[in-house]
Amino acid sequence: MATSRHKDVEKVEKEEIQYNTDRPLMIIPEYGRHVQKMAEHLLTIKNREERTRATQVVIQTMTQVHPYAKDSEELRRKLWDHLYIITNYKLDVDSPYPKPEEGVFEAKPTRLHYPTSSTKFMHYGKLIPELIKKAIEYKEGPERDALVESIAMLMKKAYMTWNKSSVNDATIIKDLGGMSQGKLELKDVSKLNNVSMPVVVAPQARQNNFGRNNNNKRNKNKNRNMRKKGRNGGF
């Protein structure tokens with residue numbers, strides 16, 4: 001009798017225990033398995049009005065996953081879209097938002113095309129190469145010469161900012177010719193002499209202030225001792 005009862009208990013335990021590996025795959029795991037079961041139950045409700053009311057309850061339950069999110073149009077639209085995804089787009093209810101097209105969210109984003117600019121002149125930034133391209137389009141004349149001068153001065157500033165030191169003007173002229181493929185030439189090299197970086201004055205060392213404070217403390221202690229001696233008659 002006892003053996004038979006023990007077998008019945010083991011049979012019940014085997015039927016009740018169900019591992020996650022044996023359960024259906026969760027489509028959106030962040031909402032949990034209970035929400036997915038509720039969403040699957042919506043598909044079994046035949047009455048459309050009743051199914052719509054039950055869907056509102058499921059949406060309200062899904063909002064508990066985002067307790068700190070501000071209630072907004074964007075959040076509600078997101079929850080409805082997720083519910084359609086969980087039900088494999090089979091849910092048919094009176095929704096405040098149109099049903100998304102199947103496969104829209106699974107589509108891969110378009111590949112980003114990164115710039116293929118040369119790394120040799122990267123320290124000049126992205127603006128200067130664009131200015132050089134524009135200057136090449138100009139006709140020979142004072143307007144083009146002024147633009148080339150401005151570009152060369154910008155190049156020197158960029159180089160000094162990147163290198164944190166001075167740069168030989170010959171390097172700027174050489175890089176200008178290389179970036180323009182020999183189409184631009186700085187005629188008045190003396191313009192580069194006007195380019196300079198502001199000198200940053202280092203703040204005074206803290207030890208100077210520290211020493212000044214110590215001197216003030218010594219003077220205060222000295223004056224205090226002298227006053228005490230005067231009150232005690234010099235002793």
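Analyst: This is a predicted model. One place to begin is the pair H5 and H6, which are roughly antiparallel to each other.

User: What angle do H5 and H6 pack at, and how far apart are their axes?
Analyst: The angle is about 165°, and the axes lie 10 Å apart. Angles over 145 degrees count as roughly antiparallel, so that is the label for H5 and H6. Their crossing is left-handed.

User: Which residues make the contact?
Analyst: From H5, Ile 128, Leu 131, Ile 132, Ala 135 and Ile 136 take part. H6 brings Arg 144, Leu 147, Ile 151, Leu 154, Met 155 and Ala 158.

User: Ok, H6 itself. How many residues, and what does it reach end to end?
Analyst: H6 covers residues 142-163, which is 22 residues. From first C-alpha to last it reaches 31 Å, close to the 32 Å expected at 1.5 Å a residue.

User: Which of its residues are buried?
Analyst: Buried in H6 are Arg 144, Val 148, Glu 149, Ile 151, Ala 152, Met 155, Lys 156, Ala 158, Tyr 159 and Met 160. What covers them includes H5 (127-137) and H7 (169-179).

User: And what comes just after H6?
Analyst: Lys 164, with a positive phi of about 55°.

User: Which H4 residues are buried?
Analyst: They are Leu 75, Leu 79, Trp 80, Asp 81, His 82, Leu 83, Tyr 84, Ile 85 and Ile 86. The cover over these buried residues of H4 includes H2 (32-42) and H3 (48-62).

User: How do H3 and H4 cross?
Analyst: At roughly 115°, with axes that come within 10 Å. H3 and H4 are therefore roughly perpendicular to each other. This crossing is right-handed.

User: Which residues are in that contact?
Analyst: On H3 they are Thr 55, Gln 56, Val 58, Ile 59 and Met 62. On H4 they are Leu 79, Trp 80, His 82 and Leu 83.

Methods: Residues numbered from 1 in each chain as written. Predicted model: local features only at pLDDT ≥ 70, side-chain atom pairs only at ≥ 80, totals over all residues. Heavy atoms only, no water. Helix = DSSP H or I, 4+ residues; strand = E, 2+ residues; numbered from the N terminus. Expected span 1.5 Å × (residues − 1). Buried < 20%, exposed > 50% of the residue type's maximum accessible area, 1.4 Å probe, protein only. Contact = heavy atoms within 4.5 Å. Axes fitted to C-alpha atoms, helices over the stretch in contact; angles between N-to-C directions. Parallel < 35°, antiparallel > 145°, perpendicular 65-115°, else oblique. Left-handed = near helix turned anticlockwise from the far one by under 90°.
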